[in-house]
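I opened the model to look up its fold, its sheet and its core. My entries follow in the order I made them.

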Amino acid sequence: MRLRPGVTMTQADDAAVLLDERNGRYRQLNATAVLVLRSLLAGDSPAEAARELTRAHPGAAPTAEADVEALLALLRAADLIDETRHP
């Protein structure tokens with residue numbers, strides 16, 4: 001997975017902003033979402049990202065997988081990510 005061309009991520013403190021330069025819209029991400037997105041952008045599967053979230057925040061364990069899927073759904077709906085396999 002990667003960010004679509006024209007989508008940039010700028011980190012500030014423990015949060016980040018995704019800017020979609022195609023339409024000028026931006027999404028603000030909290031620290032948890034940044035941790036998950038970085039894991040996914042590094043090539044981790046959603047299940048691996050959920051485990052990473054649980055390692056960083058043990059209290060998130062009961063909902064970690066659902067939280068990762070919710071973030072992915074938001075990113076997909078906003079057309080911010082490219083999930084096709086690239087050579």
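I count a contact when heavy atoms lie within 4.5 Å. Among contacts in the protein chain between residues at least 6 apart in sequence, 37% join residues at least 24 apart.

Ground rules. I am working with a predicted model, where local features need pLDDT of at least 70, side-chain atom pairs count only at pLDDT 80 or more, and totals for chains, interfaces and linings use all residues. Residues are numbered from 1 along each chain as its sequence is written, and side-chain values use heavy atoms, with hydrogens and water left out.

Overall. I took helices (H or I, at least four residues) and strands (E, at least two) as DSSP runs numbered from the N terminus. The protein chain has three helices and five strands, in the order β-β-β-β-α-α-α-β from the N terminus.

Sheet. I looked for strand pairs, which need at least two DSSP bridges between them. I found an open sheet of three strands, ordered S2-S3-S4, with antiparallel pairing. Its edge strands are S2 (7-12) and S4 (25-29), each pairing on one side only. Six bridges join S2 to S3; among them, methionine 9 has leucine 18 as its partner in S3. The hairpin of S2 and S3 has two residues between the strands, and aspartate 13 there takes a positive phi near 55 degrees.

Aspartate 20. Aspartate 20 is buried, at 3%. Its bridge partner is valine 7. Leaving aside neighbours within four places in sequence, aspartate 20 is in contact with Gly6, Val7, Arg25, Ala78 and Leu80.

Core. I defined a nonpolar core as buried Ala, Val, Leu, Ile, Met, Phe, Trp, Tyr and Cys residues joined through side-chain atoms within 4.5 Å. The largest one has 22 residues, and Leu18, Leu29, Val36, Leu71 and Leu75 have the most contacts inside it. Strand S3 (15-20) and helices H1 (31-41), H2 (46-56) and H3 (64-77) each supply at least two of its residues. Leucine 71 touches Leu29, Ala33, Val36 and Leu37, not counting residues up to four places away in sequence.

Note on methods
Buried means under 20% relative accessible area, exposed over 50%, partly exposed in between (1.4 Å probe, protein chains only).
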